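Please take a moment with the sequence and the 3D view below. The report after it walks through a few features, one at a time.

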Amino acid sequence: MCTKIIPVLWGCFLLWNLYISSSQTIYPGIKARITQRALDYGVQAGMEMIEQMLRQKNLPDLSGSESLEFLKVDYVNYNFSK
């Protein structure tokens, strides 16, 4: 997990550094283009990290019912397990 976080941190540092350096110029701004392939990779990598983090945590089971007046629903039963 740490090996995937390091490139993300470097990317954030690079964008932050570009933002800081461009804000001191006459015409500040960043123009960037990102491809659909890069977006798909980001979603895939993010989902893998989230799934790994959720596997390590123990989430409690929740169940009950709730009244949702703002949706004009009398009650909703819910049950979340693992």
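Glu-51 and Arg-55 sit four residues apart in helix H2, about one turn of the helix. Their side chains meet in a salt bridge, at 3.8 Å from N to O. The term stands for a side-chain nitrogen of Lys or Arg within 4 Å of a carboxyl oxygen of Asp or Glu. The structure holds one such bridge.

Residues are numbered from 1 along each chain as its sequence is written, and side-chain values use heavy atoms, with hydrogens and water left out.

How confident is the predictor? The score pLDDT gives its confidence in each residue, from 0 to 100. The mean pLDDT of the protein is 76, and 74% of its residues reach 70 or more. Among the elements, H2 has the highest mean (89) and H1 the lowest (67). Where pLDDT is low, the predicted coordinates should not be read in detail.

Now for the overall layout. The protein has two helices and two strands, which run α-α-β-β from the N terminus on. Helices (H or I, at least four residues) and strands (E, at least two) are DSSP runs, numbered from the N terminus. Of the 82 residues, 4% count as buried. Here buried means under 20% relative accessible area, exposed over 50%, and partly exposed in between (1.4 Å probe, protein chains only). The protein exposes about 8200 Å², with 62% of that supplied by carbon and sulfur atoms. Such areas come from the Shrake-Rupley method with a 1.4 Å probe, and for residues only the protein chains shown count as cover.

The table places several residues on this scale.

| Residue | Relative accessible area | Class |
|---|---|---|
| Val-8 | 44% | partly exposed |
| Glu-51 | 38% | partly exposed |
| Arg-55 | 64% | exposed |
| Leu-59 | 55% | exposed |
| Tyr-78 | 30% | partly exposed |
| Phe-80 | 53% | exposed |

Which residues make the nonpolar surface patch? Val-43, Met-47, Ile-50, Leu-54 and Leu-59 do, over about 490 Å². Patches are made of residues with over 30% relative accessible area and no salt bridge; like charges are joined within 9 Å, and nonpolar side chains (Val, Leu, Ile, Met, Phe, Trp, Tyr) within 5 Å. Leu-59 lies in the loop between helix H2 (36-56) and strand E1 (62-68).

Next comes Phe-80, in strand E2 (residues 73-80). Leaving aside residues up to four places away in sequence, Phe-80 touches Asp-61 and Leu-62, where touching means heavy atoms within 4.5 Å. The C-alpha atoms of Phe-80 and Leu-62 are separated by 5.0 Å, although the two residues are 18 apart along the chain.

Rings of Phe, Tyr and Trp (its six-membered ring) pair if their centres lie within 6.5 Å; planes under 30 degrees apart count as stacked, over 60 as edge-to-face and the rest as tilted. By this rule there is one aromatic pair. Tyr-78 and Phe-80 form that tilted pair, 6.0 Å centre to centre with 35° between the planes.

Finally, Val-8 is found in helix H1 (residues 2-23). Its C-alpha atom is 9.8 Å from that of Gly-42, 34 residues apart along the chain.

Definitions and conventions. This is a predicted model: local features need pLDDT of at least 70, side-chain atom pairs count only at pLDDT 80 or more; totals for chains, interfaces and linings use all residues. pLDDT is the predictor's confidence in each residue, from 0 to 100.
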